[in-house]
Amino acid sequence: LNEHAAPLSEQLAGLEAVVSHYNMADYIAVESQNHVWKTNWKLLTENFMEGYHLPVAHKATVGAWLPVEDTGFPEQVFEAFTYQTFQKDEKATYGRAHPDNKTLTGENRHTSIMPTVFPTHMYVLAPDHLWYLTLRPRGIGEVEVRFGVALAPEVYNSLADKEAWLARLVDFFDHVNEEDRFVVEGIFACSMFDVSFVV
């Protein structure tokens, strides 16, 4: 809507520098779903940008592998996006580089990047996979959520029983999303109560 907006490639140049070594353009899409959540889209966006809830809200899933003290945020403020980084420990089922990954080195082999591209696109880019949420608000209290998963090619190509492995992966991330859904739908429901009192 802004006739004078800079091209998207310019606005996201700072993010490209952060994610480029993961080669996510080569990741292979394996799942796409559409849902409607009963919440305000801003609550969902804010929830995604704030990584400190992961060990609590996601203690049954990704939070179990997350040393929260290693969560990092960019020193620079960007207008079009933000991101955080976090590391997965050696117990993590997902989020660490496959042995066949020969491009990532050092901490990058177990560091995930969690960008939010304002206002409604967010994803987790890990050495072995990525998953994303894209939001389409349907008013104040409903949002269409497009959810998808992709795998690093070396992970996808190594799977002996792709169907069973992918079913477990998708089930896991469905559980992660349900944990977030519980939080943001609950916050929205509470915000709709009239808490004023007549004295």
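Trainee: Which residues touch the most other members of the largest nonpolar core?

Mentor: This is a predicted model, in which local features need pLDDT of at least 70 and side-chain atom pairs count only at pLDDT 80 or more, while totals for chains, interfaces and linings use all residues. Residues are numbered from 1 along each chain as its sequence is written, and side-chain values use heavy atoms, with hydrogens and water left out. A nonpolar core is a set of buried Ala, Val, Leu, Ile, Met, Phe, Trp, Tyr and Cys residues joined through side-chain atoms within 4.5 Å, where buried means under 20% relative accessible area, exposed over 50% and partly exposed in between, with a 1.4 Å probe and protein chains only. The largest such core has 45 residues, and those that touch the most other members are Phe81, Trp131, Leu133 and Leu135.

Trainee: Which element gives the most residues to this core?

Mentor: Helices (H or I, at least four residues) and strands (E, at least two) are DSSP runs, numbered from the N terminus. The elements that give two or more residues to the core are α2, α3, β2 (81–87), β3, β4, β5 (129–137), β6 (143–151) and α6. With seven residues, the element that gives the most is α6.

Trainee: Is Thr116 buried or exposed?

Mentor: Thr116 lies in strand β3, and, leaving out residues up to four places away in sequence, it touches Thr45, Phe48, Met49, Ala80, Phe81, Thr82, His121 and Met122, where contact means heavy atoms within 4.5 Å. Because its relative accessible area is 0%, Thr116 is buried.

Trainee: How do α3 and α6 lie against each other, roughly perpendicular or oblique?

Mentor: Axes are lines fitted to C-alpha atoms, for helices over the stretch in contact, and angles run from 0 to 180 degrees between N-to-C directions. Helix α3 (residues 41–49) and helix α6 (residues 162–191) pack at about 135 degrees, with their axes 10 Å apart. Angles under 35 degrees count as roughly parallel, over 145 as roughly antiparallel, 65 to 115 as roughly perpendicular and the rest as oblique. The angle therefore makes α3, relative to α6, oblique.

Trainee: Where does the cis peptide bond from Phe118 to Pro119 lie in the chain, that is, in which loop is Pro119?

Mentor: Most peptide bonds are trans. The bond from Phe118 to Pro119, however, is cis, with omega near 0 degrees. Pro119 lies in the loop between β3 (111–117) and β4 (121–125).

Trainee: What is the phi of Asn23?

Mentor: Most residues other than glycine have a negative phi. Asn23, in the loop between α2 (13–19) and β1 (28–37), counts as partly exposed because its relative accessibility is 37%. Although Asn23 is not a glycine, its phi is positive, at about 55 degrees.

Trainee: How far apart are the C-alpha atoms of Phe86 and Ala126?

Mentor: Phe86 has its place in strand β2 and, because its relative accessibility is 5%, counts as buried. Along the chain, Phe86 and Ala126 are 40 residues apart, and their C-alpha atoms are separated by 9.6 Å.
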